[in-house]
Amino acid sequence: MQSPSRVAHIAVILVCFSLLCLTRGVNTLVNGNGLSNYTFPDNFMFGVATAAYQVEGAWNEDGKGESIWDTYLHKHPNYTLDHSNGDVAADSYHKYKQDITIIKSLGVKYYRISLSWTRLLPNGTDNYINKAGVRYYRRFFEEMLKAKITPVVTLFHWDLPTALMDLGGWTNPKVIDYFEDYARIAFTLFGDIVKTWTTMNELHQHCFNSYGGDYFVPVLQSHGIGVYLCSHYMLLGHARVYHLYDKEFRPKQKGKIGVTLDAFYAEPKDSNKKEDREAAERYLQMRLGLFAHPIYSEEGDYPKMVREIIDKKSERQGYPRSRLPYFTPKEVAMLRGSSDFFGLNHYTTYIMSPSEMEPTWKIPSADHDTGVKIEQHPDWPIPGAGWLSFYPPGFRKLLNWITKNYGTKVPIVVTENGVSDFGGLTDYVRVSYYNKYMYQMLLAMHEDGCNIAGYFAWTLMDDFEWGDGYKVKFGLFHVDFESPDKTRTPKLSALNYREIVRTRRINFNFIKIPSYYKYDDL
Ligand code: GBH
């Protein structure tokens with residue numbers, strides 16, 4: 001038996017110790033005023049992002065040609081949740097000056113947009129250039145310049161010219177030539193103003209959902225073959241355009257060019273289980289490594305694990321050759337190092353465990369090749385779109401995974417991050433999401449040594465969200481889609497972002513978040 005005084009003594013020590021732990025815990029997060037202890041460096045790029053089809057509207061105005069989204073949604077109006085399409089969207093084609101005004105009000109210095117390929121080249125090919133399209137982007141860039149906002153421009157954010165889809169889209173290697181022609185036009189026309197380019201947005205989402213599945217148009221559903229042809233030729237298309245810029249334009253225009261990849265982070269379902277940890281790693285390699293390894297790794301080419309899995313499965317399934325095409329040594333070399341930054345889009349995390357087969361999988365398919373059962377964690381809230389759960393630590397872990405695999409030589413630029421809800425100006429969930437995700441990014445920068453150069457919030461304003469139509473909202477600004485003016489109104493998250501950009505740190509007390517939205521345990 002211990003004496004009561006000794007017990008009391010131990011209790012006091014324990015209480016002091018836990019208090020110390022507590023204050024330390026809070027301290028590393030924020031100081032007494034709710035301010036993050038870490039700050040963003042002065043040269044850190046803060047921006048907002050949108051994409052042409054999601055905001056521009058004016059789908060057939062002034063000579064614009066049709067993209068796959070125009071064509072498919074007109075033919076299949078019920079495809080989207082609310083039977084909507086991007087015909088008008090936020091009408092940025094007419095309201096781009098308002099857009100610049102609201103971006104200015106946020107204090108961010110960068111605006112990431114994408115060009116509509118068919119607004120410039122209605123047929124997809126450069127034998128005919130649409131002058132009205134050229135004028136539109138020209139004015140837009142000039143206005144940005146006046147407002148001291150730097151454009152960051154994506155050449156391809158999924159709106160492939162229908163004329164090229166009819167030839168097989170990205171499963172046809174010839175499309176690479178047409179992509180290069182289009183890129184040359186864009187660099188020639190706008191390269192005096194535009195100094196940061198990304199070739200393509202989210203090759204993985206595009207190929208896996210448009211070619212490998214049915215989540216994106218044109219719903220090709222070539223689950224095991226088209227998905228990899230698309231990945232392969234998009235990668236080559238990216239590399240081709242990188243070198244085009246590097247050789248023919250960079251010497252004079254002196255800009256930067258890269259690519260944007262996307263990844264959900266993958267947590268093992270049970271971190272004590274080796275097979276779950278392996279499943280999570282396999283998922284990351286099969287989805288992100290597939291695209292990142294050829295570009296950012298020292299040795300180039302597809303990750304060995306990916307190569308082996310798909311080769312073996314293809315053989316067992318009786319295919320005469322692997323469903324994942326091979327790069328020639330010259331192509332491996334052309335891809336390696338073909339990006340000046342690591343453009344990363346990140347939204348959420350899933351939990352992983354191994355599986356041979358699931359009821360929804362096809363054979364062959366990328367899912368079956370990967371052999372991982374992907375689930376959402378029951379404890380992580382889902383504030384809007386069903387696929388997006390709220391788990392800030394996944395962001396830091398993903399940034400670390402990228403750093404571990406590809407090093408710190410090439411800076412990461414977070415080209416998209418954000419959360420959806422079902423609308424409203426008092427968007428506490430979004431305030432909380434941005435505070436917490438950006439804080440995880442600060443930790444990755446300051447405590448883990450990740451090289452992160454910039455961050456773009458997705459998205460500037462409510463937009464057309466692909467298959468979800470207008471049902472879910474990602475905007476910092478609300479858009480009144482019913483009004484002819486498509487009035488833009490700042491949400492709380494816009495005010496909060498402005499404060500982060502202004503002070504270069506996160507102020508968790510700037511907007512008082514009702515405890516229901518805080519998700520303090522995450
Ligand atoms: C980004 O992609 C896009 O770049 C952007 O255009 C988009 O508006 C934004 O996110 C917000 O959605 O992957 O099978 O679980 C995110 C792509 C595509 C991710 C569909 C979730 C759900 C189907 N999203 N996906 S699945």
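This is a predicted model: local features need pLDDT of at least 70, side-chain atom pairs count only at pLDDT 80 or more; totals for chains, interfaces and linings use all residues.
**Exercise 1. Determine which elements give two or more residues to the lining of the second largest cavity, and which element gives the most.**

Solution. 

Step 1. The second largest cavity has a volume of about 50 Å³.

Step 2. Its lining consists of Thr50, Ala51, Ala52, Val55, Glu56, Ser92, Tyr111, Ile113, Ser114, Tyr136 and Phe140.

Step 3. Two or more residues of the lining of the second largest cavity come from each of α2 (52–55), β2 (110–114) and α6 (131–146).

Step 4. The element that gives the most is β2, with 3 residues.

Step 5. By class, the lining of the second largest cavity has 7 nonpolar, 3 polar and 1 charged residues.

**Exercise 2. Describe the largest pocket: its volume, its lining and the element that gives the most to that lining.**

Solution. 

Step 1. The volume of the largest pocket is about 1,100 Å³.

Step 2. The lining of the largest pocket comprises 44 residues. Nearest the centre of the pocket lie Gln205, Asn209, Tyr215, Phe264 and Arg287.

Step 3. The elements that give two or more residues to this lining are α9 (203–211), α11 (274–296), α14 (366–370) and β9 (372–375).

Step 4. With 4 residues, α9 gives the most to the lining of the largest pocket.

Step 5. By class, 19 nonpolar, 14 polar and 11 charged residues make up the lining.

**Exercise 3. State where the ligand sits, and identify the residues that are closest to the ligand.**

Solution. 

Step 1. The space that the ligand takes is the largest pocket.

Step 2. The ligand is surrounded by 18 residues. The closest are Gln54, His157, Glu202, Tyr215 and Glu465.

Step 3. The shell around the ligand, sorted by class, has 9 nonpolar, 6 polar and 3 charged residues.

Step 4. Polar pairs can now be examined. The cut-off for a polar contact is 3.5 Å between N or O atoms. A polar side-chain atom of Gln54 lies 2.8 Å from a ligand oxygen atom. For Glu202, an N or O atom of the side chain is 2.8 Å from an oxygen atom of the ligand. For Glu465, the distance from a polar side-chain atom to an oxygen atom of the ligand is 2.9 Å.

Step 5. On its own, the ligand has 570 Å² of accessible area, and the protein covers 86% of that area.

**Exercise 4. Locate Asn172 and list the backbone atoms that lie 3.0 Å and 2.9 Å from polar atoms of its side chain.**

Solution. 

Step 1. Asn172 belongs to the loop between α7 (162–165) and α8 (174–190).

Step 2. At 3.0 Å from a polar atom of the Asn172 side chain lies the backbone oxygen of Leu167.

Step 3. At 2.9 Å from a polar atom of that side chain lies the backbone nitrogen of Lys174.

Step 4. Sequence and space can also be set side by side. Asn172 and Met234 are 62 residues apart in sequence, and their C-alpha atoms are 9.8 Å apart in space.

Key:
Residues are numbered from 1 along each chain as its sequence is written. Side-chain values use heavy atoms; hydrogens and water are left out. A residue is near a molecule or strand if one of its heavy atoms lies within 4 Å of it. A polar contact is a pair of N or O atoms within 3.5 Å; within protein, one must be able to donate a hydrogen and the other to accept it, and residues adjacent in sequence count only if both atoms are side-chain atoms. Accessible areas come from the Shrake-Rupley method with a 1.4 Å probe; for residues, only the protein chains shown count as cover. On a 1 Å grid over the protein atoms alone, a cavity is a set of points where a 1.4 Å probe fits but cannot get out, and a pocket is an open set with protein on both sides within 12 Å along at least five of seven lines; lining residues have an atom within 4 Å of a point. A molecule sits in a cavity or pocket if more than half of its atoms lie within 2 Å of its grid points. Ala, Val, Leu, Ile, Met, Phe, Trp, Tyr, Cys and Pro count as nonpolar, Asp, Glu, Lys and Arg as charged, and the others, Gly among them, as polar. Grid points are joined across faces, edges and corners, and a volume is the space filled by probe spheres set on the points.
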